[in-house]
Amino acid sequence: MREVKLFLGPQHPGMHGNYSVHMYVDGDIIKKARPMPGMLHRGFEKLMERRTWMGNLALIPRICVPEPDTNEMVYAMGIEALADIEVPERAHWIRMIILELARITSHIMSFGGIGGPTGLYTATYLGIALRDEILDVFERITGARVYHMYIVPGGVRKDLPENAEEDIERLMKIIEERLEELKELILENPMIHARIKDNIMLPAEVVWELGVTGIGMRTAVNKVNDLRKVKPYARYDQVEFDVPVASYSDGFTRVKTKYLEIHQSIRIIRQVFKKMPKEGSVRAQISTGNALKWKVPAGQVYTAVESTRGEYGYFIVSDGKKMPYRIAVRGASFPQGLLGIEKYLVGHRIDDASLWMDTMGVCSPEIDR
Amino acid sequence: MNSMNKIIDYLKETYEIKSVKSPMDMQFHFETEKKLVHSILGDLKSKGFKQLSLITAVDWIEENEFQLTYILFNWDNGIHAILNTRLDRDNPKFTTILPIFPGAEYYERDVHEFFGIEFKGNEKSFKPLFLEMWDELPPLRKDFDPQAFSDKTFPKMEYTTQFLTDVGGVNNEGS
Amino acid sequence: MVLNDKDMRSAWEKVENYFQGSSIWMKWYCTGCGAIELPPTLTSRFDMERLGMGPMATPRQADILLITGYLSFKTLRRVIYSYEQMQEPKYIVAFGSCTVNGGIYYDSYSVMNRLDFYLPVDLYIAGCMPRPEAILNGFKELKSMIKAGKAEGYKKYKENYEWYRKNQIHSLKEVYVKDEFHE
């Protein structure tokens with residue numbers, strides 16, 4: 001039988017973001033699949049060379065749209081390593097609060113977002129409404145809903161407001177209550193079981209071949225391969241938390257792992273409030289004059305954090321002038337979004353293609369930059 | 001730190017690596033020659049550095065060279081190993097590392113498209129991936145000016161200024 | 001009394017505009033980074049459905065195309081292609097400052113600077129990115145524009161088609177791409 005060419009195109013209700021997959025199908029089975037990135041390409045790596053070191057702070061959250069705070073954290077860590085800046089103690093703990101809240105936001109959006117490919121739109125509506133509560137708290141702390149620009153080289157931009165602890169504790173209770181309802185709707189639903197249980201598997205050899213990190217790696221290899229435990233940054237070695245692992249990676253295990261990780265993030269935030277110092281400065285002074293004309297000493301460094309999709313890193317090259325010489329971005333979903341689709345989607349059905357993008361965590365702006 | 005020093009000493013004895021630096025904890029950068037890259041990568045892979053994180057390049061236009069960078073990671077002890085090598089800027093050619101790391105296919109396509117470095121053995125890297133119908137210089141080289149290209153291809157909005165002559169007693173010429 | 005053709009058509013248009021303004025189907029296409037504020041506008045907190053707007057999957061049955069943010073080379077080709085597939089009457093709303101004069105990517109080699117040259121825009125909403133309250137304000141304005149008969153972008157596109165086409169070819173060199181993978 002002849003093969004038909006189909007576009008799981010950029011305009012599709014089940015597609016996350018602006019990304020396209022071209023498939024050659026025979027009946028219902030995919031014979032050949034090609035990814036097509038590049039629709040969101042803005043040329044960030046060239047634009048970052050034309051703005052000053054502090055001027056880049058307005059540009060970099062826009063590289064990864066669902067979770068912008070990891071960009072600022074990696075940039076700040078790189079500059080602090082090159083310029084030898086010491087970050088005050090209270091700033092480390094506040095950074096952890098912001099990073100964990102961003103992780104909860106992104107996990108809720110993709111946990112509820114399984115409604116798009118499967119047709120369970122109630123889950124999407126509940127998930128987005130719950131995410132809005134967290135964006136309100138972000139607005140009270142940092143001033144903006146989505147792009148915060150709060151983590152700067154040297155600390156954070158401003159201290160927390162006065163009643164931040166009660167506010168965030170109230171938010172944690174709301175999340176725990178409503179997450180139970182969302183969990184019953186998704187994880188105990190026979191429709192979802194029929195779609196993703198024992199389907200879209202990821203064997204362990206494939207993980208090492210592609211270079212996949214994050215949830216896909218931890219549920220296939222059965223090891224705690226999380227950058228917060230293996231190479232801790234910003235006081236993650238002084239809080240206690242578990243990292244869920246498994247040895248059988250099908251779609252259902254990966255979705256359930258997201259639910260378990262949200263509970264661990266709530267546990268971290270509660271411990272941070274007990275352990276952080278009550279007073280202190282939150283920002284170290286980086287230059288004696290104008291911050292826009294500040295120069296970073298020459299050198300090369302690579303920094304990485306654990307985002308919701310895997311290892312997210314920046315490779316920064318500086319030559320001692322006012323603007324960066326070269327910054328290269330390692331998007332966390334580069335392996336699973338490009339090579340994963342070409343090699344491992346063959347043999348599945350058409351409706352599994354968008355489920356792969358949702359459960360493995362493919363975020364298209366960070367592939368295209 | 002102990003395991004990092006052991007690996008650095010082993011590499012210094014077996015191959016001739018130069019300028020070893022460590023700007024952050026648990027990370028070391030070193031530079032080597034073109035012909036030793038494949039053997040060093042295979043050796044590091046057998047010692048636990050099984051994940052290829054990134055392949056990228058830097059354009060040093062004053063020295064007339066490209067720097068090609070490979071970043072590897074070891075999950076057992078948390079060390080990043082970063083390998084640099086230099087290529088000639090007028091004729092940048094290199095061999096692919098697909099037999100060692102199969103995941104390098106799309107990273108090499110990315111570097112080819114933005115810098116023009118050719119990878120022999122990776123046939124798909126000559127097809128465009130992010131850009132469509134592009135026949136100018138590769139964009140990330142230092143002699144490509146993005147502002148001039150943007151003004152030429154995409155016209156901008158024109159603003160006119162008209163000063164009100166009677167407001168607040170200020171008298172200006174309109175344009 | 002016999003109504004001639006012109007009177008009947010203008011009376012019919014008034015009725016059509018009244019009903020069109022109360023039932024607008026939005027095409028489901030997130031073109032840029034401004035699309036992250038569209039799900040909150042659509043769901044139960046800032047409910048968009050009380051204004052009569054809802055999502056629709058295909059371009060053949062949709063009325064409005066939302067350009068949420070910047071447009072790169074590849075996306076602009078596909079947006080033009082699917083705009084010409086929509087049936088009349090159709091409207092375009094542009095979000096954010098990237099559609100006005102390039103925004104924060106003014107010197108990028110891959111992002112267009114001014115949307116007005118390629119497609120006819122009926123309404124701009126300012127912000128980077130606009131909040132859900134600002135989007136709802138914009139849609140209220142669009143509804144009153146449609147009911148008064150002032151949202152005539154699609155007629156402008158038909159009448160000045162050569163001018164729009166000349167601008168598209170000057171920037172993009174070719175709008176319909178046939179062989180994307182060179183196989």
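Guide: What follows is a conversation about a predicted model, taken one label at a time.

Visitor: Why is B:Met26 called partly exposed?

Guide: The relative accessibility of B:Met26 is 23%, and buried would require a value under 20% while exposed would require one over 50%, so B:Met26 counts as partly exposed. B:Met26 belongs to the loop between strand S1 (18-21) and strand S2 (27-31) of chain B.

Visitor: What makes the backbone of B:Met26 worth a remark?

Guide: B:Met26 is not a glycine, and yet its phi is positive, at about 60°. As background, most residues other than glycine have a negative phi.

Visitor: Which label does C:Lys173 receive for its accessibility, and why?

Guide: C:Lys173 has a relative accessibility of 48%, and since exposed is kept for values over 50%, C:Lys173 is likewise described as partly exposed. C:Lys173 lies in the segment after helix H7 (161-172) of chain C, and its phi, near 70°, is positive in a residue other than glycine.

Visitor: How do you know that the peptide bond between C:Glu88 and C:Pro89 is cis?

Guide: The omega angle there is about -5°, and the bond is assigned as cis. C:Pro89 sits in the loop between helix H3 (73-83) and strand S4 (91-95) of chain C. A cis bond also leads from C:Cys128 to C:Met129, with omega near -5°, and C:Met129 is placed in the loop between strand S5 (123-125) and helix H5 (132-148) of chain C.

Visitor: What makes strands S2 and S3 of chain A a pair?

Guide: Pairing asks for at least two bridges, and 7 bridges join S2 (residues 20-26) to S3 (residues 29-36), so the two strands of chain A qualify as a pair, and they run antiparallel. Within this pair A:Ser20 stands opposite A:Met36. The two strands form a hairpin with 2 residues between them, and A:Gly27 in the turn has a positive phi of about 75°.

Visitor: What surrounds the largest cavity, and how is its lining divided by class?

Guide: The count gives 7 cavities of 30 Å³ or more, and the largest has a volume of about 130 Å³. Its lining holds 20 residues, with A:Glu45, A:Val329, A:Arg369, B:Ile55 and B:Asp110 lying nearest its centre. Among the elements that give two or more residues to this lining are strand S8 (326-330) of chain A and strand S3 (51-60) of chain B, while H3(B) gives the most, with 5 residues. By class, the lining comprises 12 nonpolar, 2 polar and 6 charged residues.

Visitor: Which residues lie nearest the centre of the second largest cavity?

Guide: They are C:Cys33, C:Gly69, C:Cys98, C:Cys128 and C:Met129, out of 16 lining residues. This second largest cavity has a volume of about 110 Å³, and its lining is made up of 9 nonpolar, 6 polar and 1 charged residues.

Visitor: Which residues have the most contacts inside the largest nonpolar core?

Guide: The core has 183 residues, and those with the most contacts inside it are A:Tyr314 and B:Tyr70. Helix H3 (residues 89-112) of chain A supplies the largest share of this core, 11 residues. Leaving aside residues up to four places away in sequence, B:Tyr70 touches several residues, including B:Val37, B:Leu54, B:Phe94 and B:Phe119. A second, separate core has 24 residues, among them B:Phe154, C:Val79, C:Leu115 and C:Phe117.

Key: Residues numbered from 1 in each chain as written. Chains lettered and ligands numbered in written order. Predicted model: local features only at pLDDT ≥ 70, side-chain atom pairs only at ≥ 80, totals over all residues. Heavy atoms only, no water. Helix = DSSP H or I, 4+ residues; strand = E, 2+ residues; numbered from the N terminus. Buried < 20%, exposed > 50% of the residue type's maximum accessible area, 1.4 Å probe, protein only. 1 Å grid on protein atoms, 1.4 Å probe; cavity = no way out; pocket = protein on both sides within 12 Å on 5 of 7 lines; lining within 4 Å. Points joined across faces, edges and corners; volume = space filled by probe spheres on them. Nonpolar A, V, L, I, M, F, W, Y, C, P; charged D, E, K, R; others polar. Core = buried A, V, L, I, M, F, W, Y, C linked by side-chain atoms within 4.5 Å. Contact = heavy atoms within 4.5 Å.
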